[in-house]
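Please examine the sequence and the structure, then work through each task in order.

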Amino acid sequence: MQLTIDLTGRDVLVLGSATAARQAVRRFEAAGAVVYRLSSPEGLESDGPLPEKPFLVAAVDDGQPGWESLLQRCRDAGIPVATEPAAGPAGHVTLIGGGPGTPDLLTAGALAALRDADVVFYDRLAPYQELPALTSAELIDVGKRPGHHKVAQGDIEQLMVDAALAGKNVARLKGGDPYVFGRGGEEVAACVAANVPVKVISGVTSAISVPAAAGIPVTHREVSHLFTVVSGHAPLTETEHTHLAGLGGTIVVLMGIGTLPQLVAGLSRAGMDPAMPMAVVERGYRPGQRTTIADLGTIVNAASGCSNPAVLVIGEVVRVAEANRNQAESTAELDRLAASLLEA
Ligand code: SAH
């Protein structure tokens with residue numbers, strides 16, 4: 001969380017123990033304030049000079065008794081008092097599911113953990129552009145960047161553990177859900193091995209939400225009552241193709257652009273109907289979101305210009321989206337018609 005008020009050059013007195021107040025101090029500094037500190041109400045022992053009359057007093061809810069009389073004196077003197085949440089206990093890791101890339105799909109738990117972080121290690125699939133508005137923490141990109149090498153998984157784990165052992169609250173923001181092709185289990189294991197407290201906040205997985213961004217429900221009554229989520233990182237085996245084609249439900253493939261030709265060939269060999277509808281949804285919830293719809297027989301050609309990140313959907317549910325879209329369009333068309341008749 002960042003403050004939306006511009007406090008450039010204003011004296012702000014932050015009350016609260018050093019540990020509890022550290023994030024509030026960062027928030028006020030980021031808003032441009034000249035921050036003064038008072039870490040204990042006992043005898044007004046100060047951590048430095050205090051301003052004559054601060055513009056604002058920020059009272060961090062640090063659990064120490066004895067602040068109230070000082071706060072009352074501030075209010076009596078006409079100084080506004082803002083209550084600020086205390087930073088949580090230091091030295092732990094929170095794995096956060098960041099959803100498919102829009103802050104709208106961050107959970108309340110994710111927002112709270114981001115606000116409480118001292119450092120955030122983030123991936124590029126998470127809604128990272130919005131981080132500066134959501135946290136005052138140091139932001140570290142450990143994902144793939146064009147022209148840069150991806151930070152190796154073992155190094156990410158080491159960075160997280162070291163920061164937590166140094167007393168920081170570490171947030172690890174991952175795309176989608178941490179436990180869906182996210183290596184979340186490995187990161188938890190690394191923390192446990194280093195005796196660092198760790199918790200996981202589930203996120204909205206792209207496996208469901210990216211098809212939804214294109215209007216595709218992964219299940220639909222009387223159309224599909226099961227869905228399978230597969231990684232297309234490496235080609236599937238012949239047995240896997242056979243089982244997938246035999247299941248008869250929706251197939252959702254993540255990381256599947258590179259292996260699309262093998263997948264299509266494998267499912268065809270396993271007997272899937274060449275007319276089976278397929279969709280490729282690229283950059284869900286992000287600028288440039290695009291949906292390409294074809295069928296098993298034509299998708300390789302149709303999707304030749306598609307790139308990651310993209311989610312592939314195979315199954316009759318793709319038609320539900322088309323039907324809904326046509327319905328929405330015809331409804332919009334009727335509305336326009338009605339409006340023009342009313343005008344006439
Ligand atoms: N843990 C993540 C998945 C990580 S694997 C989750 O639960 O969503 C990375 C793959 O996720 C990408 O290759 C792509 O297939 C998919 N993906 C994630 N975000 C996406 C988005 N906004 N648009 C399209 N695909 C996305």
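A residue is called buried under 20% relative accessible area, exposed over 50%, and partly exposed in between (1.4 Å probe, protein chains only). The model is predicted: local features need pLDDT of at least 70, side-chain atom pairs count only at pLDDT 80 or more, and totals for chains, interfaces and linings use all residues. Residues are numbered from 1 along each chain as its sequence is written, and side-chain values use heavy atoms, with hydrogens and water left out.

**Exercise 1.** Describe the salt bridge between Glu 187 and Lys 174 and its surroundings.

*Solution.* Step 1: the N to O distance for Glu 187 and Lys 174 is 3.0 Å. Step 2: Glu 187 belongs to helix 6 (residues 184-193) and Lys 174 to strand 8, 13 residues apart, so that the pair links distant parts of the chain. Helices (H or I, at least four residues) and strands (E, at least two) are DSSP runs, numbered from the N terminus. Step 3: Glu 187 is buried, with a relative accessible area of 0%, and Lys 174 is buried as well, with 2%. Step 4: a network of salt bridges links Asp 123, Arg 172, Lys 174 and Glu 187.

**Exercise 2.** Between which domains does the largest pocket lie, and why?

*Solution.* Step 1: on a 1 Å grid over the protein atoms alone, a pocket is an open set of points where a 1.4 Å probe fits, with protein on both sides within 12 Å along at least five of seven lines; lining residues have an atom within 4 Å of a point. Step 2: the lining comprises 41 residues, with Asp 123, Arg 124, Leu 125, Met 255 and Pro 309 nearest the centre. Step 3: because domain 2 (92-204) and domain 3 (207-323) both contribute lining residues, the largest pocket lies between them. These bounds come from an automatic or database domain assignment.

Terms used: Salt bridge = Lys/Arg side-chain N within 4 Å of Asp/Glu carboxyl O.
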